[in-house]
Amino acid sequence: MRELLIRQKQVLFFIIAGGLSAIVEIGSFKAFSTYLPHFFSGETNFHGIHYPLSNIFSTSCGIITNYFLSIWFVFERGKHSKRKEFAYFMGVSFVSTLLSLGFFQIFYSFIFKDNINLIFYTLSPEMISKIAAIVLVSILNYSVKKKVIFNG
């Protein structure tokens with residue numbers, strides 16, 4: 001019973017940490033995708049890749065935020081040294097970034113074509129695509145981070 005409560009608490013904290021990291025990632029994506037096209041004309045469409053720098057920079061902000069929230073609030077340490085743990089975390093995050101970028105491209109190019117009006121805010125196709133990619137990749141992230149990096 002105690003293990004079930006601890007696991008539920010961990011999942012809840014993972015969701016909260018992931019939500020905060022997603023807010024950082026989405027907010028920084030909005031800022032980068034708004035301002036970077038003024039400096040790099042290819043940012044909106046670089047050989048068929050939409051918003052590549054905005055995605056990479058914002059995902060990096062989200063990963064760093066998620067790492068610190070994960071070690072402070074979600075997972076227990078002790079399976080690996082801090083250096084190895086960080087290296088594994090960054091390796092998993094790198095693969096996750098590639099998956100997220102791929103999903104973003106698929107969503108943006110083929111699925112989300114119209115704005116979604118939420119009364120108080122209108123979500124553009126690039127924002128909807130970014131949110132959908134984050135949600136999809138975060139499910140994989142929890143499993144891998146729990147089993148491989150931190151005490152499973």
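This is a guided tour of a predicted model, moving from the whole chain to selected residues.

**The whole chain**

Begin with the entire protein chain in a cartoon view. Along the principal axes, the C-alpha atoms occupy a box of roughly 50 × 35 × 25 Å.

Next, display the surface. The accessible surface of the protein chain amounts to about 9300 Å², and 71% of this belongs to carbon and sulfur atoms. The chain has 152 residues, of which 38% count as buried. Among contacts in the chain with a separation of 6 or more, 68% are between residues 24 or more positions apart.

Colour the charged side chains now. There are 14 positive and 7 negative side chains, and the centres of these two sets are 11 Å apart.

**Helix 3**

Select residues 82–111, which form helix 3.

Keep helix 3 selected and show its side chains. The buried residues of this helix include Glu85, Phe89, Val92, Leu101, Phe104 and Gln105.

**The aromatic rings**

Show the rings of the aromatic residues. The structure holds eleven aromatic pairs. One of them joins Tyr67 and Phe86 in an edge-to-face arrangement, with 5.0 Å from centre to centre and 85° between the planes. This pair links distant parts of the chain, since Tyr67 belongs to helix 2 (residues 52–74) and Phe86 to helix 3, 19 residues apart.

Move to Phe68 and Trp72. The centres of their rings are 5.4 Å apart and the planes stand at 35°, so this pair is tilted. Both residues lie in helix 2, four residues apart, which is about one turn of the helix. Phe68 counts as partly exposed, at 36% relative accessibility, while Trp72 counts as exposed, at 58%.

Now select Tyr67, Phe68, Trp72, Phe86 and Phe89 together. Ring pairs link these residues into a cluster. Phe89 is one of the buried residues of helix 3.

**Asn55**

Return to helix 2 and select Asn55, which is located there. Is Asn55 buried or exposed? With a relative accessibility of 0%, Asn55 counts as buried. Which residues is Asn55 in contact with, leaving aside its neighbours within four places in sequence? They are Phe29, His50, Leu101, Phe104, Gln105 and Lys130.

**Ile139**

The last stop is Ile139, in helix 4 (residues 125–149). Ile139 has a relative accessibility of 58% and therefore counts as exposed. Select Ile15 as well and draw a distance between the two C-alpha atoms. The residues are 124 apart in sequence, and their C-alpha atoms are 9.9 Å apart in space.

Note on methods:
Residues numbered from 1 in each chain as written. Predicted model: local features only at pLDDT ≥ 70, side-chain atom pairs only at ≥ 80, totals over all residues. Heavy atoms only, no water. Helix = DSSP H or I, 4+ residues; strand = E, 2+ residues; numbered from the N terminus. Buried < 20%, exposed > 50% of the residue type's maximum accessible area, 1.4 Å probe, protein only. Contact = heavy atoms within 4.5 Å. Areas by Shrake-Rupley, 256 points an atom, 1.4 Å probe, with all protein chains shown as cover. Lys, Arg positive; Asp, Glu negative; His and termini not counted. Charge placed at Lys NZ, Arg CZ, Asp CG, Glu CD. Phe/Tyr/Trp six-rings, centres within 6.5 Å; stacked < 30°, edge-to-face > 60°.
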